[in-house]
Amino acid sequence: MDKEKVITRICDAGIVAVVRASDSEQAMRITDACIEGGVAAIELTFTVPGAHRVIEELAKRYTPEEIILGAGTVLDSETARVAILSGAQYIVSPYFNADSVKLCNRYRVPCMPGAMTIKEVVEAMEAGADIVKVFPGEAFGPKILKAIKGPIPQAKLMPTGGVDVNNVGEWIKNGAVAVGAGGALTAGAKTGDYAQITKTGREFIQKIKEARGLNS
């Protein structure tokens, strides 16, 4: 899928599910529950055992129209390349790694490196980051987005960490093009309550629509 189309779909969706799991089966079930709840953008983290194989399986199970499949916790360009070859449509990192961004741009794959300070955000943008992952979001809360976008209004920011159903609207109103949601979305997996993930996903989608002034 074209790079710009992937970015547009993520921004339109407004939420990326950060999928961490103890094994591949749990990761698949979390993903299925998220998609059922309307959260189509999935960030399968490389903390999941055999993550690249899970990405391959998800790429087979769902069509590109059904899922926006990405890889997360990508710490270097080598892992980014493995993820892309396995079927990842975008790459997310907890920090800025210039080599990873360069590789993603080489293959026209959207990249979202992590940053927190103004300096880090600018460095990531100058290197060619498509969206900057504001991480860890809970360190400063939604107001950090206004602080960043004041001098850098052109920045596309996606906070991750500390985003939940109760504050997602504030994050969106403060300038997030999308949010990354981990435990606040997928907590049901710990008790095997995957229906709760689906329910929470729908709540996230509704809150995002409300914050954007869209009809339900």
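Modeller: Ser77 is buried, at a relative accessible area of 16%; buried means under 20% relative accessible area, exposed over 50%, partly exposed in between, with a 1.4 Å probe and protein chains only. This is a predicted model, where local features need pLDDT of at least 70 and side-chain atom pairs count only at pLDDT 80 or more, while totals for chains, interfaces and linings use all residues. Residues are numbered from 1 along each chain as its sequence is written, and side-chain values use heavy atoms, with hydrogens and water left out.

Biologist: Where is the place of Ser77?

Modeller: Ser77 is in helix H4. Helices are DSSP runs of H or I with at least four residues, strands are runs of E with at least two, and both are numbered from the N terminus.

Biologist: And what does Ser77 touch, not counting residues up to four places away in sequence?

Modeller: Asn97, Asp99, Ser100 and Leu103. Contact means heavy atoms within 4.5 Å.

Biologist: Which residues in H4 are buried?

Modeller: Ser77, Thr79, Ala80, Ala83, Ile84 and Ser86 are buried in H4. Their cover includes helix H3 (51-61), strand S3 (68-72), strand S4 (90-92) and H5.

Biologist: What follows H4?

Modeller: Gly87, with a positive phi near 125°.

Biologist: Back to H5. At roughly what angle do the axes of H4 and H5 cross?

Modeller: Roughly 30°, and the axes of H4 (residues 77-86) and H5 (residues 98-106) come within 8 Å. Axes are lines fitted to C-alpha atoms, for helices over the stretch in contact, and angles run from 0 to 180 degrees between N-to-C directions. H4 is therefore roughly parallel to H5. Angles under 35 degrees count as roughly parallel, over 145 as roughly antiparallel, 65 to 115 as roughly perpendicular and the rest as oblique.

Biologist: Is the crossing of H4 and H5 right-handed or left-handed?

Modeller: Right-handed. A crossing has that hand if the near helix is turned clockwise from the far one by less than a right angle, and is left-handed if anticlockwise.

Biologist: Which residues make the contact?

Modeller: H4 contributes Ser77, Ala80, Arg81 and Ile84, and H5 contributes Asp99, Ser100 and Leu103. By class, three are nonpolar, two polar and two charged. Ala, Val, Leu, Ile, Met, Phe, Trp, Tyr, Cys and Pro count as nonpolar, Asp, Glu, Lys and Arg as charged, and the others, Gly among them, as polar.

Biologist: How do the axes of H3 and H4 cross?

Modeller: At roughly 25°, coming within 8 Å. H3 and H4 are therefore roughly parallel to each other, and their crossing is right-handed. His52, Ile55, Glu56 and Ala59 of H3 meet Val82, Ala83 and Ser86 of H4. That contact has four nonpolar, two polar and one charged residues.

Biologist: Changing topic: how many disulfides are there?

Modeller: Zero in the whole structure, a disulfide being a pair of cysteine sulfur atoms within 2.5 Å. For Cys11, the nearest cysteine sulfur is that of Cys111, 13 Å away. For Cys104, the nearest is also that of Cys111, at 4.8 Å.

Biologist: Is Cys104 buried or exposed?

Modeller: Buried, with a relative accessible area of 1%. Cys11 also counts as buried, at 16%.

Biologist: Last one, Val134. Where is Val134 found?

Modeller: In strand S7 (residues 132-134). Val134 is buried, at 0% relative accessible area. Leaving aside neighbours within four places in sequence, its contacts include Ala115, Ile144, Leu157 and Pro159.
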